[in-house]
Amino acid sequence: MSSNRICFLSILAALVAMPGAAAPLASCGPEKLGTSREIAVDGGEGLALGLQSYPRTLALADHEVVLTFDDGPVPPTTPLVLSALKEQCVRATFFIIGNNASADPALVKREMEEGHSVGYHSNSHPARTLRLMSVDAAKADIEAGIAAVDKAAYGDASGKPRTPFFRFPGFADSPALLDYLRGRGMTVFGSDLWASDWRTMTPQAELDLVMGRLEQAGKGIILFHDSKASTAKMLPDFLRALKAKGFKVVHMVAGAGPTPVEKAGPDWKSTTEPIIAKTLGGKGPASEHGDGGPEAR
Ligand SMILES: [Zn+2]
C-alpha cells in the first residue's frame, strides 16, 4: 500500500471517528425545504455582521436566509424546534447560553448531531447586559459561556473556542468587548431581521410578522429564540412558507475565509442602538419600549 493511500485512509478514519462531526447536507426530497448551501465563516477575520447592529452583513443572494436561534437549549421548546428543522432537512445556528448548556448537555449534543452550528451567547445572559458590566466581569462571563458550551458539545473545553460564532445578549456590545472577541478569533453576529418573539403573541401573529418583514427585506440573517413557545409552534408553518415563497436556507459553518460580506449603503443606521439606549437609560422595562430590549433578547 502506498504512503499516499495510507495517509488518505488515516484521514478518512479520523473523519469518521470525529465526535459530533456534522453529517453531509441531506436532501429530504423536492417537497421539503432542505438546506441549499453552506457559507464558511472565518473567525480570524474579526468581523461583526448583521445590519441591525453593524454596517455589513453576510453576502446572501436574493431570497436566501440564515436561521439563528438564541437563548437555548431549553425543554420543551428546543426539542420542538429541532424536530421542525429535521422534518424539513434544515440546518441552523444556535447561540447558546452557557448555563443552559450545563443544565442540559444532551440537547446541545443533539443540536450538533443533527448538523447545526453551535455558537456562544454568554454564560448568564446578564439582565444588565455585558456592556454595563465591568470589562473584566464581562470577559469572565463570555469565557465561562464558551467553556460551558464546549464542554457540553465536545466533552472538553480547551480554551480555544471550537466555533468562532458569538452573539451579544441584547446586542449590547462595547468597543472593548468587540476588540476582545476579535482577539479570541470570533465573528460577532447581530441579525438582519427578527421575529420580535420576546413579545407575547400567537404563533400565527409571529408567522405573519416575520414573513412580512422577510418579504420586505428579501433575504438575511433571521433571529429567533428557541426558548419561546410561539416560535416553536409556528416554526413548521414558517418553514413551509419559506418553501412556498421560494426562499432558500443557507447554513453557516466555521471554515476558512474569506467570509462573503456585503457592506451597508451610505444611509445605514443601527436599529439596535436606539432600543438599547432607551432600555438602559432607566426608563422602564424593555417590554414597554416597542420592540423589546436587551434583556428580552
Ligand atoms: Zn439572548
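**Notebook: disulfide and salt bridges**

I looked for disulfides and found that the structure holds one. I note that the model is a predicted one.

Entry on the disulfide. I identified the partners as cysteine 28 and cysteine 89, with an S to S distance of 1.8 Å. I then located both ends: cysteine 28 is in the loop between α1 (3-17) and β1 (37-41), and cysteine 89 is in the loop between α2 (77-87) and β5 (93-96), so that the pair links distant parts of the chain, 61 residues apart. I read the torsion about the S-S bond as about 95 degrees, so the disulfide is right-handed. I checked accessibility next. Cysteine 89 is buried, because its relative accessible area of 16% falls under the 20% limit. Cysteine 28, at 25%, is partly exposed.

Entry on the salt bridges. I looked up glutamate 87 and lysine 32, whose side chains form a salt bridge at 2.5 Å, N to O. Glutamate 87 belongs to helix α2 and lysine 32 to the loop between α1 and β1, so this pair ties together parts 55 residues apart in sequence. Glutamate 87 is partly exposed at 45% relative accessibility.

I next examined arginine 184 and glutamate 143, with closest N and O atoms 2.8 Å apart in a salt bridge. Arginine 184 lies in the loop between α7 (175-183) and β8 (187-189), and glutamate 143 in helix α6 (residues 135-154), so parts 41 residues apart in sequence are tied together. I recorded arginine 184 as partly exposed at 23% and glutamate 143 as partly exposed at 22%.

Finally, I recorded the salt bridge of arginine 162 with aspartate 156, at 3.5 Å between the closest N and O atoms. I also noted that Lys86, Arg110 and Glu114 are joined into one network by salt bridges that share partners.

Definitions and conventions: Residues are numbered from 1 along each chain as its sequence is written. This is a predicted model: local features need pLDDT of at least 70, side-chain atom pairs count only at pLDDT 80 or more; totals for chains, interfaces and linings use all residues. Side-chain values use heavy atoms; hydrogens and water are left out. A disulfide is a pair of cysteine sulfur atoms within 2.5 Å. Helices (H or I, at least four residues) and strands (E, at least two) are DSSP runs, numbered from the N terminus. Buried means under 20% relative accessible area, exposed over 50%, partly exposed in between (1.4 Å probe, protein chains only). A salt bridge is a side-chain nitrogen of Lys or Arg within 4 Å of a carboxyl oxygen of Asp or Glu.
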